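The sequence and structure are shown below.

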Amino acid sequence: LDRGTSGLLVVAKHPHAQEQLKHQLHTGAFQRTYLAVCEGTMDPPEGRIELPLGPKPGSLIEQMVRPDGKPAATRYETLRTWDAFSLLRLELETGRTHQIRVHLASIGHPLLGDMVYGAKKPVPGLAGQCLHARRLRFVHPSTGETVELECPLPDWFQAVLRKMDR
């Protein structure tokens, strides 16, 4: 997970498990669902962002949309809207560095609190960008069973949503 992103992640304890999970990432067997608050209202309210991503010249960490980048696709669905923000459910079809953050910022909807790809000043009450790894689904590398994990929103993220509702 990116710094400032809350939620689930999977860690392999053995090289074999790591290889199995890595392979799943590129076959679609590994499903990742995120919740995020972005700036503005998505139009259309659901869709797919397919833009290639690669490193930003001169930066060690930043990524950008670039024609010679690696393929990247993110599906989104608007769950709720307010005057200046939207709550989105996002699913990754690929797993590029900063993929959700770059995709949303590149179409004019940066994440609330993202000081790398969005506004450059901190938002009071946020512990990072409003991006939460909500659900993971994958095939267990040893047992072959489907594993589905879900993680509730952290208190600070819930507080943001309550504030938006007021």
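Leaving aside its neighbours within four places in sequence, which residues is I100 in contact with?

The model is predicted. In it, I100 contacts Y34, T74, L90, L92 and L131, once neighbours within four places in sequence are set aside.

The largest nonpolar core has 14 residues, and I100 is one of those that touch the most other members, together with Y34, L90, L104 and L131. At least two residues of this core come from each of β2 (31–39), β7 (85–92), α2 (99–106) and β8. There is also a second, separate core; its 13 residues include L87, C130, W156 and L161.

Five bridges join strand β8 (residues 131–139) to strand β9 (residues 146–150), and the pairing is antiparallel. Within this pairing, L136 lies opposite L149 of β9.

Six residues separate the two strands of the hairpin, and G144 there adopts a positive phi near 80°.

## Cysteines

How many disulfides does the count come to? The count is zero, with a disulfide taken as a pair of cysteine sulfur atoms within 2.5 Å. For C130 the closest cysteine sulfur is that of C38, and because the two sulfurs are 10 Å apart, they are too far for a bond. C151 is in no disulfide either, the nearest cysteine sulfur being that of C130 at 15 Å.

Is C130 buried or exposed? C130 is buried, and its relative accessible area is 0%.

Technical notes:
Residues are numbered from 1 along each chain as its sequence is written. This is a predicted model: local features need pLDDT of at least 70, side-chain atom pairs count only at pLDDT 80 or more; totals for chains, interfaces and linings use all residues. Side-chain values use heavy atoms; hydrogens and water are left out. Two strands pair if DSSP finds at least two bridges between them. Helices (H or I, at least four residues) and strands (E, at least two) are DSSP runs, numbered from the N terminus. Buried means under 20% relative accessible area, exposed over 50%, partly exposed in between (1.4 Å probe, protein chains only). A nonpolar core is a set of buried Ala, Val, Leu, Ile, Met, Phe, Trp, Tyr and Cys residues joined through side-chain atoms within 4.5 Å. Contact means heavy atoms within 4.5 Å.
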